[in-house]
Amino acid sequence: MKETKTLDYKLVNEAFEREGWVMYHQFMAGNRYEKGNDIVTWYFGRFMLNGKSVSEEFICEMLHMDSRMIQVSGAVAPHSLFSNYGQAFLAGVRWADENPVNKQEQESEK
C-alpha cells in the first residue's frame with residue numbers, strides 16, 4: 001500500500017480505540033495513544049511510535065486498515081466506518097470488488 005496522506009482524524013481515532021489503545025488529548029500537541037509499553041503520538045498528520053517517526057502506511061498496517069477502508073470511510077461519513085451501517089457498506093464494497101459485473105457475465109455465458 002502506498003502512503004495515503006489522507007487519513008481521516010475520526011477514522012484513526014476509531015481504529016486506535018477498536019484495537020484497544022487509550023487516547024489522551026494533549027493540549028496544543030495533538031493526540032497520544034497508549035497500549036502496553038507503546039506510545040503513538042499524532043500531531044498535524046505526523047505519527048511517532050515510541051519517539052520514532054513512522055509513516056501513515058505503518059500506522060494503517062498496525063491498525064489493520066487497508067486502502068479500501070480509508071476510501072469507504074469517506075463515502076459513509078458522517079457515519080462511523082465501524083458502525084453496523086459502515087461495516088455493512090464496507091462488506092458490500094468488498095463483495096463487489098471480488099465479484100465484478102464483467103466477470104459474472106462471462107461466467108454465465110459459458
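Which residue is the bridge partner of Leu49 in β5? Hi everyone, the answer is Lys52, and I'd like to walk you around that spot.

A word on the model before we go on. It is a predicted one, where local features need pLDDT of at least 70 and side-chain atom pairs count only at pLDDT 80 or more, while totals for chains, interfaces and linings use all residues. Residues are numbered from 1 along each chain as its sequence is written, and side-chain values use heavy atoms, leaving out hydrogens and water.

Let's start with the strands. Helices (H or I, at least four residues) and strands (E, at least two) are DSSP runs, numbered from the N terminus. Strands count as paired if DSSP finds at least two bridges between them. Strand β4, residues 46–49, pairs antiparallel with β3, residues 38–43, through four bridges. On that side, Leu49 sits opposite Val40. With β5, residues 52–54, strand β4 is also antiparallel, and three bridges join them.

Now the turns. The β3–β4 hairpin has two residues between its strands, and Phe44 in the turn has a positive phi of about 50°. In the β4–β5 hairpin, again with two residues between the strands, Asn50 takes a positive phi near 50°. As for the faces of β4, Phe47 and Leu49 lie on the covered one, Arg46 and Met48 on the uncovered one.

On to helix α1, residues 9–18. Its buried residues (buried is under 20% relative accessible area, exposed over 50%, partly exposed in between, with a 1.4 Å probe and protein chains only) are Leu11, Val12, Asn13, Glu14, Ala15 and Phe16. Among the elements covering them are β3 and β4, along with α2 (56–62) and α3 (67–76). Just past the helix, Gly20 has a positive phi of about 90°.

Last, the charges. A salt bridge here means a side-chain nitrogen of Lys or Arg within 4 Å of a carboxyl oxygen of Asp or Glu, and the count comes to four. One of them joins Arg32 to Glu34, with the closest N and O atoms 2.7 Å apart. Another joins Arg94 to Asp66, also at 2.7 Å. That pair links distant parts of the chain, from helix α4 (residues 84–98) to the loop between α2 and α3, 28 residues apart. Then Asp97 meets Arg68 at 2.8 Å, N to O, tying helix α4 to helix α3 across 29 residues. Why does Asp97 count as partly exposed? Because its relative accessibility is 43%. Arg68 is partly exposed too, at 28%.

Technical notes
Contact = heavy atoms within 4.5 Å.
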